[in-house]
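Subject: Structure handover and findings

Dear colleague,

My notes on it follow.

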Amino acid sequence: MKILKTVEKFPGGLMVGPLLIAAVIHTWAPGIVEIGGPTTALFSSAGTMCLAGLLLFIIGSQLPVRQVGAVLKRHGTLLVIKLAAAFAVGMLLMHNFGAKGFFGISTMAFVSVLSSNNPGVFLALTKIYGDEIDHAAFGLWNVACMPTIPLLILGAASGAAFDYMALIALLVPFLLGILLGNLDADIRKLMAPGSMIMLPFLGFCFGISVDLVTAFRSGLQGLVLTLIFYFISVIPSFFTDRWILRRPGYGSIATCCVAGLAIGAPAQIAQAVPEHAPYLQTATAQIALVMILTTVITPFLTRFAAGRFGTASSGAKSHRAVKNAPSIS
């Protein structure tokens, strides 16, 4: 059976596939992995942060120091634009509507979606259209997609004290990975296959808390949230990429996809900021639907942008690369 090859036909499939399988299991056989021991530790939400920390360490080990400046200039700028938009929306909604949000979409759901990106999909797309700087930015976008980010944004928007330790805890595994990977090339080589191995397990951990029935019952709100996500995320990022960074624009589109990690954000937010707790279940369901929709839509938008405005290459070579690029549908 060609299970892996089938999964890999879809960008980010190594995470999304197990996530959806876990969601199916949780929907119709909830608690099946809650039998204790290594099964619960590996296949339930109990091991999520451990797996996330390991993934950050592995990704950091693959980032050469010489590329840090170029990565920060290109993708750091896009990340600042994205997080600034999420913070502005969070502040606006909390000031005018409170934690409830509007149209049945909580402020927690808005911020979790707008601050999210899917580094797995990003990497798959930049492997086709990007260059080594885009590939190196995989680690940066991985850090940015952690559930701690929307927690920090909403904590500030709700008037809570800024949790610096949460940010430090997020960065320590990544920075340690960068240090060791650059000190010893053998460590970088050892860790190289690790990220691909970790993604299916991390995806499963996040999917095991998703109820598909609830997700699709919130279909209208999920669709509206998807449209708002693209409007707020794509427009400022794309024009920043084109006008300020003088890039083709494919990179900014590739970052506009919601990760499975975002599904875990409401639980952390509800625990840390209790006023958001009543909207935990609906926010989780809406984010799950947005994640599924953007995983399908973003690759097509990126391919369109690459075909219309070019790739990391130039001239006739660029046009041939886009024309002959393998299908990602």
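Helices in these notes are DSSP runs of type H or I with at least four residues, numbered from the N terminus. The model is a predicted one.

I begin with lysine 82, which is found in helix H5, residues 68-96. This lysine is buried yet takes part in no salt bridge. The nearest side chain of opposite charge belongs to aspartate 241, 13 Å away, whereas a salt bridge requires a nitrogen and a carboxyl oxygen within 4 Å. Apart from neighbours within four places in sequence, the contacts of lysine 82 are Leu114, Ser115, Ser116, Asn117, Trp141, Phe229, Ser233 and Thr255.

Aspartate 131 pairs with arginine 74, the closest N and O atoms being 2.9 Å apart. This pair links distant parts of the chain, since arginine 74 is in helix H5 and aspartate 131 in the loop between helix H7 (119-129) and helix H8 (132-136), 57 residues apart. Arginine 74 is buried, with a relative accessible area of 14%, and aspartate 131 is partly exposed at 22%. Arginine 74 also meets the side chain of aspartate 134 in a salt bridge, at 3.0 Å from N to O. Aspartate 134 lies in helix H8 and arginine 74 in helix H5, so this pair ties together parts that are 60 residues apart in sequence. The relative accessible area of aspartate 134 is 1%, and the residue is therefore buried.

Arginine 247 forms a salt bridge with aspartate 131, with the closest N and O atoms 3.8 Å apart. Here the loop between H15 and H16, which holds arginine 247, is linked to the loop between H7 and H8, which holds aspartate 131; the two residues are 116 residues apart. Arginine 247 counts as buried, at 17% relative accessibility. Through shared partners, the salt bridges join Arg74, Asp131, Asp134 and Arg247 into one network.

Turning to the aromatic residues, the structure holds 9 aromatic pairs. In one of them, the rings of phenylalanine 43 and phenylalanine 201 have centres 6.4 Å apart and planes at 40°, so the pair is tilted. Phenylalanine 43 lies in helix H3 (residues 37-43) and phenylalanine 201 in helix H13 (residues 194-207), so parts 158 residues apart in sequence are tied together. Phenylalanine 43 is partly exposed at 28% relative accessibility, as is phenylalanine 201 at 30%. The rings of phenylalanine 102 and phenylalanine 110, by contrast, are stacked, because their planes are at 20°; their centres are 5.2 Å apart. Phenylalanine 102 is partly exposed at 36%, while phenylalanine 110 is buried at 2%.

One aromatic cluster is formed by Phe238, Phe239, Trp243 and Phe309. Phe239 and Trp243 also belong to a nonpolar surface patch with Phe231, Ile235 and Ile244, which together have about 590 Å² of accessible area. Isoleucine 244 is in helix H15, residues 219-244, and is exposed at 61%.

Finally, two backbone angles deserve mention. Most residues other than glycine have a negative phi. Phenylalanine 103, in the loop between H5 and helix H6 (107-114), has a positive phi near 55°. Arginine 246, in the loop between H15 and helix H16 (250-254), has a positive phi of about 60°. Phenylalanine 103 is partly exposed at 44%, and arginine 246 is exposed at 68%.

Yours sincerely

Terms used: Residues are numbered from 1 along each chain as its sequence is written. This is a predicted model: local features need pLDDT of at least 70, side-chain atom pairs count only at pLDDT 80 or more; totals for chains, interfaces and linings use all residues. Side-chain values use heavy atoms; hydrogens and water are left out. Buried means under 20% relative accessible area, exposed over 50%, partly exposed in between (1.4 Å probe, protein chains only). Lys and Arg count as positive and Asp and Glu as negative; His and the chain ends are not counted. Contact means heavy atoms within 4.5 Å. Patches are made of residues with over 30% relative accessible area and no salt bridge: like charges are joined within 9 Å, nonpolar side chains (Val, Leu, Ile, Met, Phe, Trp, Tyr) within 5 Å. Accessible areas come from the Shrake-Rupley method with a 1.4 Å probe; for residues, only the protein chains shown count as cover. Rings of Phe, Tyr and Trp (its six-membered ring) pair if their centres lie within 6.5 Å; planes under 30 degrees apart count as stacked, over 60 as edge-to-face and the rest as tilted.
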